[in-house]
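Q: I have not looked at this one before. Can you walk me through it?

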Amino acid sequence: MTTNGKPKFAMYWAASCGGCEIAVLNIGEKILDVDANFEVAFWPVAMDAKYKDVEAMEDGAILLTLFNGGIRNEENAEIARLLRRKSQILVAFGSCACEGCIPGLANLSKPQDVLDTVYSTVSTDNPNAVRPQYHYQMPEGVIHIPTFYPVLKTLDQVVDVDYYMPGCPPESHQIAAVIDLVIKVLHGEAQLPAKGATIGAGNSTVCDDCPRARNVKLIKKFVRIQDVPELDPHLCLLEQGVPCNGPATRNGCGALCPQAGAQCIGCYGPAEGVIDYGARLITAFASVIDSNDPAEIERILDGIPDPAGQFYRFNLAGSLLRAAKPAWQGKL
Amino acid sequence: MTTENKPQEGQERIGVYVCHCGSNIAGMVDVEHVAKWAGEELKDRGVVVARDYKFMCSSLGQELIENDIKELGLTRVLVAACSPHLHEQTFRTASARAGLNPYLTELVSIREQVSWVHTDKQAATAKSKAVISGGVERVIHHEPLEPLVVPIHEATLVVGGGIAGIQAALELADAGYPVYMVEREPSIGGHMAQFDKTFPTLDCAACILTPRMVSVGMHPNIKLFTWSEVTKVDGYVGNFTVTIRKKARYVNEELCTGCGICQEKCPKKVIDEIYEAGLGYRKAVYTPFPQAVPKFPVIDRPNCTYFQKGTCKACEKFCPTNAIDFTQEDEYITVEVGNIILATGYDLFDARRVTQYGYGRLANVFTSIEFERLSNAAGPTNGEIVLRDGVTKPDAVGIIHCVGSRDRNFNNYCSVICCMQGLKFAHLVHERTGATVYNFYIDMRTAYKAYDEFYQRVLEEGTLFVRGKVAEVTDAARLPGEEGKLIIQVEDTLAGIQRRIPVDMVILSAGLEPRRDAKEVAKLFGISCSADGWFIEKHPKLDPVATMTEGIFIAGCVQGPKDIPSSVAQGAAASARVLGRIRQGHIELEPVRASVDEAKCSGCRICNNLCPFNAIIFHEDRMVTEINPALCQGCGTCVAACPAGAISGTVFSNEQIFAQIDGLLGLTLEHAFS
Ligand SMILES: Cc1cc2nc3c(=O)[nH]c(=O)nc-3n(C[C@H](O)[C@H](O)[C@H](O)COP(=O)(O)OP(=O)(O)OC[C@H]3O[C@@H](n4cnc5c(N)ncnc54)[C@H](O)[C@@H]3O)c2cc1C
Ligand code: SF4
Ligand code: SF4
Ligand code: SF4
Ligand code: SF4
């Protein structure tokens with residue numbers, strides 16, 4: 001299993017922004033513990049590595065792989081399958097791998113529209129109207145680029161996943177705690193949680209960690225936070241009409257946003273056992289609207305300007321909806 | 001058709017029973033094939049036996065299940081038949097008899113949800129398989145549960161003191177059990193107290209009603225709260241805690257002898273909009289009518305000179321027993337009851353809404369209730385049937401049926417009593433004035449005992465019947481003889497001609513409508529209304545006085561328009577149901593309950609205000625929510641609302657629901673349903 005006596009560690013980024021990697025590096029001197037306990041076998045963002053080196057490894061040769069990013073194209077899927085084969089423990093790391101995150105919002109659009117947005121909107125300087133070609137004849141031969149999938153998939157929609165670590169990105173102290181745990185397991189001082197568990201997060205929701213005072217909820221209006229002239233710093237934001245996602249979002253972040261005076265936007269994903277985060281939140285908000293008059297209810301709901309962004313910003317790809325129908329059926 | 005399988009190690013042993021329901025299901029679903037399919041294709045899911053049978057609910061059908069439980073050692077039972085509303089209890093009880101915990105038996109509907117709603121036999125058969133596959137997956141996740149046993153309080157609350165409520169209260173009180181009756185008005189009696197005669201026998205309404213009212217007032221087992229309303233209902237069947245607001249009467253009931261001197265001396269006259277339908281006056285201190293029960297008057301504060309201007313107190317000065325007490329305040333009283341009967345009756349359709357009939361605009365257009373007062377010997381005209389001027393007797397009277405009823409613009413339903421009431425009016429007009437009477441009807445509805453005979457009698461008395469829906473009532477004369485008259489424009493659909501009939505008086509048989517506050521009252525008591533607003537019975541045929549909320553019963557016109565005999569019958573029926581409950585001494589409640597996983601609860605308080613049964617408690621100190629299992633009715637509202645997924649409900653756990661969906665979609669099977 002090891003070459004230098006140390007177990008192997010890998011980290012990979014698929015369709016993601018790179019924030020997860022930064023968060024890992026952000027764990028400070030804990031990174032030295034990683035080095036002391038693991039051999040970094042494959043981590044493209046941190047060191048040079050070739051896919052063929054991984055292919056050459058024995059199956060199960062890597063002890064721990066943190067996989068961040070969603071599955072947007074053929075290459076993402078291929079490496080996911082490869083790392084699954086080579087890893088004993090595969091962790092869906094960060095919101096993109098767990099539930100699709102911001103890249104997953106592209107599932108609301110047809111693939112063609114996604115490409116149009118990237119290559120031919122007014123803000124794009126593309127004088128030759130270049131478009132990616134999957135196969136291109138070069139003097140040296142035909143080169144291929146990976147196929148763009150119709151929709152973005154989460155990691156577990158493509159391969160079997162052992163653990164989920166939510167967050168956009170996961171908080172550094174939670175990463176450090178998980179690394180500590182794995183090291184303890186290596187030394188026989190702790191046990192791994194059951195397969196399929198969510199790690200590096202709490203078991204309740206953000207409200208649990210939020211210090212704001214709350215009452216029985218009676219919502220008369222929803223407003224965008226920038227439209228509130230003066231926020232009460234001590235009162236629950238939801239009760240002030242700011243659509244805070246705290247009630248539905250798994251805790252683990254330490255309720256950073258509501259403490260900083262901004263609403264929780266849900267980056268830690270659904271609570272334990274919740275299958276569709278957006279649906280849960282919609283029912284919850286709908287339950288506390290304080291009106292029986294259909295017209296007034298309609299007006300109150302209009303206060304949420306972007307329902308998809310409000311309820312599915314991080315979890316569309318992993319939700320029961322998964323995608324808008326045209327995207328789902330989109331062919332390239 | 002029967003298939004028996006050997007189960008696998010560690011799996012549940014499931015029996016599947018598919019009912020033909022005569023031809024109700026078998027006519028649209030190939031039940032034999034479905035049973036065979038379940039035996040073969042669901043073998044891997046643990047189905048050890050699958051049978052079909054003509055009537056699963058028959059004793060022979062139930063015995064099939066009982067025998068299989070004993071002989072094949074079934075650990076789960078799935079019956080595919082009618083709606084769980086109908087027979088879930090039947091099959092659970094059958095399982096229990098054979099020693100299987102009743103909650104390990106599930107009923108899925110292939111009648112209401114399949115055979116009755118489809119016309120394609122092949123598709124219906126395939127859907128039945130899906131429904132059964134879903135049921136099998138769900139029942140695997142069932143857990144043995146024990147019902148909650150709670151004692152039943154012997155007292156009953158009756159809300160509404162019309163004839164239906166009076167009947168219910170007397171039955172219960174005579175059986176020896178305590179009753180609290182709450183009536184909103186100063187006196188009980190309801191609508192019937194306003195009538196002179198009642199169809200079809202023309203009994204004097206007061207003569208038959210007032211003895212019953214007096215019995216209620218005097219009964220040692222009845223505590224009467226008039227001028228009162230229920231403001232809060234907590235608890236559940238057997239153990240309701242009800243808060244009653246007893247509005248200040250400003251008359252001390254201990255001292256008042258009901259002599260009526262205050263009413264005589266009070267200088268303030270007020271138009272009586274309720275009892276006299278606006279045709280007569282009462283005083284600011286009043287009882288609605290002389291035979292009122294209780295006899296104590298109330299002071300109508302907004303109209304009392306003393307309350308409004310600070311001086312008067314004539315009533316106080318003249319009251320021989322010093323019963324007037326201007327310092328009284330509303331009282332809130334709580335009572336504990338085991339069951340509740342709602343008998344809040346109806347409101348009359350507002351005839352102003354049919355603008356073309358001119359009520360409110362044309363003086364001599366009257367509503368039915370106005371006519372009741374006009375014809376009542378104790379009414380504002382001492383029973384003289386006269387025009388709005390108070391003196392002129394009409395020579396011709398038109399009675400229009402179905403005003404606001406059977407009309408797409410207002411109410412689609414038939415108000416049941418209006419035809420008979422229109423006939424009663426025709427008879428009274430004939431008898432008292434000798435005027436020519438026309439009844440305008442769409443269809444004549446005189447079902448029930450002695451009703452059609454009454455119709456024949458009125459025909460023989462010479463009332464003229466015109467079949468057709470009246471288009472308009474107008475005072476715009478066009479033809480000779482119409483001057484100064486009300487002209488009824490109508491298509492006579494029997495003669496096939498348009499007619500203009502001049503009359504002096506028009507009476508509108510306005511329909512019955514749910515009480516204006518019916519929806520709020522329903523919410524207060526946790527029951528449901530139809531779209532019209534009538535309270536919904538548990539079963540339209542088999543359980544007409546119970547509601548879907550245990551312990552809450554309905555009687556009389558709250559449930560829908562009906563006549564006095566039916567209202568009385570329902571009052572008695574509701575009390576019989578309550579007596580049955582009381583005699584049981586205790587009740588077994590479904591253990592379908594929600595509970596909060598405290599570790600998952602974030603204390604967000606989303607759920608705190610949602611429970612229709614007030615079962616949710618929030619602990620400020622620990623910032624967590626808890627559900628009181630005795631109050632929870634398992635409605636699921638909070639389960640759906642909790643964004644943290646911290647609340648789950650027995651029998652409807654996420655696991656069970658998702659397993660059922662997987663089964664329905666065929667995800668647990670190798671082959672698709674066909
Ligand atoms: C014009 C007319 C003539 C009729 N003539 C006949 C006839 O001749 N023969 C016949 O068989 N039927 C007749 N009917 C029908 C008859 O009126 C009803 O069948 C009967 O009155 C129904 O009785 P009830 O107790 O259900 O309702 P109601 O008589 O309406 O009594 C309901 C009672 O509940 C009280 N109440 C309402 N809401 C509340 C509340 N929230 N809290 C507390 N108390 C409340 C009301 O004040 C009232 O006292 C006639 C109907 C009309 C409109
Ligand atoms: S502000 Fe947001 S996170 Fe805090 S209690 Fe309110 S809803 Fe929950
Ligand atoms: S005090 Fe009020 S109720 Fe009494 S007599 Fe005067 S007006 Fe009538
Ligand atoms: S909705 Fe759920 S998380 Fe919020 S207080 Fe209620 S039980 Fe707790
Ligand atoms: S399921 Fe929830 S809302 Fe419904 S009765 Fe129980 S506690 Fe109340």
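What follows is a short chat about the chain contact, the ligand surroundings and the disulfide.

Q: What kind of model is this?
A: The model is predicted.

Q: Ok, chains A and B. How many residues does each bring to the contact?
A: Chain A brings 23 residues and chain B brings 21 residues.

Q: And how much area do they bury between them?
A: About 1800 Å² is buried between chain B and chain A, with 57% of it on carbon and sulfur atoms.

Q: Which residues of chain B lose the most area there?
A: Those are B:Arg605, B:Ile606 and B:Pro643, which together make up 29% of what the chain B side buries.

Q: Switching to ligands. What is around ligand 4?
A: B:Arg605, B:Ile606 and B:Pro643 are among the residues around ligand 4. The shell also includes the cysteines B:Cys601, B:Cys604, B:Cys607 and B:Cys642.

Q: How does that shell divide by class?
A: Around ligand 4 there are eight nonpolar residues, three polar and one charged.

Q: What about ligand 5, which residues come nearest?
A: Of the 14 residues around ligand 5, the nearest are B:Cys611, B:Cys632, B:Cys635, B:Gly636 and B:Cys638. By class, the ligand 5 shell holds ten nonpolar and four polar residues, and no charged ones.

Q: Now chain A. Which residues surround ligand 2?
A: Among them are A:Cys207, A:Cys210, A:Cys236 and A:Cys244, along with A:Arg212 and A:Arg214. The shell around ligand 2 counts nine nonpolar residues, one polar and two charged.

Q: What is the space taken by ligand 2?
A: That space is the largest cavity.

Q: Lots of cysteines. How many disulfides are there over all chains?
A: There is one disulfide over all chains. The cysteines joined are B:Cys204 and B:Cys207, with 2.3 Å from S to S.

Q: Which hand does that link have, right or left?
A: The link of B:Cys204 and B:Cys207 is right-handed, with 85 degrees about the S-S bond.

Q: Is B:Cys204 buried, exposed or partly exposed?
A: B:Cys204 is partly exposed, because its relative accessible area is 26%, between the 20% and 50% cut-offs.

Q: Why does B:Cys315 count as buried?
A: B:Cys315 counts as buried because its relative accessibility is 7%, which is under 20%.

Notes: Residues are numbered from 1 along each chain as its sequence is written. Chains are lettered from A and ligands numbered from 1 in the order in which they are written. This is a predicted model: local features need pLDDT of at least 70, side-chain atom pairs count only at pLDDT 80 or more; totals for chains, interfaces and linings use all residues. Side-chain values use heavy atoms; hydrogens and water are left out. A residue is near a molecule or strand if one of its heavy atoms lies within 4 Å of it. On a 1 Å grid over the protein atoms alone, a cavity is a set of points where a 1.4 Å probe fits but cannot get out, and a pocket is an open set with protein on both sides within 12 Å along at least five of seven lines; lining residues have an atom within 4 Å of a point. A molecule sits in a cavity or pocket if more than half of its atoms lie within 2 Å of its grid points. Ala, Val, Leu, Ile, Met, Phe, Trp, Tyr, Cys and Pro count as nonpolar, Asp, Glu, Lys and Arg as charged, and the others, Gly among them, as polar. A disulfide is a pair of cysteine sulfur atoms within 2.5 Å. Buried means under 20% relative accessible area, exposed over 50%, partly exposed in between (1.4 Å probe, protein chains only). Contact means heavy atoms within 4.5 Å. Buried area is the accessible area (1.4 Å probe) that two parts lose on being put together, summed over both.
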